Amino acid sequence: MTDKLKPEVPELIACDICLEEIPSTAAQSMESDDYVYHFCGIHCYEQWQQQSKQQKKEDVD
Ligand SMILES: [Zn+2]
């Protein structure tokens, strides 16, 4: 039994902000502190930037 040729399904990854699943090919990614963040779009990316800025401020004692 042979399977029909499957269309290539892109790997799904979750947006780090809204947790929506997106194809990895369509994701925006950003490497930070040895971790690669993925975003479904520029809005989530901007949100993450703001959050990380705030976190950095809180880190400074
Ligand atoms: Zn998102």
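I'll start with Leu-19, which is exposed because there are 9 C-beta neighbours inside 10 Å. The cut-offs for that word are these: a residue is buried with 20 or more other C-beta atoms within 10 Å of its own, exposed with 12 or fewer, and partly exposed in between, the C-beta atoms being placed from the backbone. Leu-19 is not a glycine, yet has a positive phi of about 65°. Its place is the loop between S1 and S2.

Before going on, some ground rules. This is a predicted model, in which local features need pLDDT of at least 70 and side-chain atom pairs count only at pLDDT 80 or more, while totals for chains, interfaces and linings use all residues. Residues are numbered from 1 along each chain as its sequence is written.

Now the overall layout. The protein has one helix and four strands, and from the N terminus on the order is β-β-β-β-α. The radius of gyration is 16 Å, well over the 10 Å that the globule rule gives for 61 residues, so the protein is more spread out than a compact globule. That radius is taken over C-alpha atoms, and the rule is 2.2 Å times the number of residues to the power 0.38. Helices (H or I, at least four residues) and strands (E, at least two) are DSSP runs, numbered from the N terminus. Along the principal axes, the C-alpha atoms fill a box of roughly 65 × 20 × 15 Å. Of the 61 residues, 11% are buried.

Next, the hairpin. Which strand does S3 run antiparallel to? The partner is S4, residues 35-39, joined to S3 by five bridges; strands pair if DSSP finds at least two bridges between them. Ser-32 stands opposite Tyr-35 in S4. Two residues lie between the strands of this hairpin, and Asp-33 in the turn has a positive phi of about 50°. Asp-34, in the loop between S3 and S4, is not a glycine either and has a positive phi of about 65°. With 5 other C-beta atoms within 10 Å, Asp-34 is exposed. As for strand S3, residues 28-32, the number buried among its five residues is zero, so S3 lies largely in the open.

What makes up the largest nonpolar core? There are six residues: Cys-15, Ala-27, Phe-39, Cys-40, Cys-44 and Tyr-45. Such a core is a set of buried Ala, Val, Leu, Ile, Met, Phe, Trp, Tyr and Cys residues joined through C-beta atoms within 7 Å. In soluble globular proteins, nonpolar side chains tend to be buried together.

Phe-39 deserves a slide. Not counting residues up to four places away in sequence, Phe-39 touches Cys-15, Asp-16, Ile-17, Ala-27, Gln-28, Cys-44, Tyr-45 and Trp-48. Contact means that two C-beta atoms, placed from the backbone, lie within 7 Å.

Ile-17 comes from the loop between strand S1 (12-14) and strand S2 (21-23). Leaving aside neighbours within four places in sequence, its contacts are Phe-39, Cys-44, Gln-47 and Trp-48. Ile-17 has 18 other C-beta atoms within 10 Å and is therefore partly exposed. Between the C-alpha atoms of Ile-17 and Lys-56, 39 residues apart along the chain, the separation is 17 Å.

Last, Val-9, in the segment before S1. Is Val-9 buried or exposed? Val-9 counts as exposed, because it has 7 C-beta neighbours inside 10 Å. Its C-alpha atom is 10 Å from that of Thr-25, 16 residues apart along the chain.
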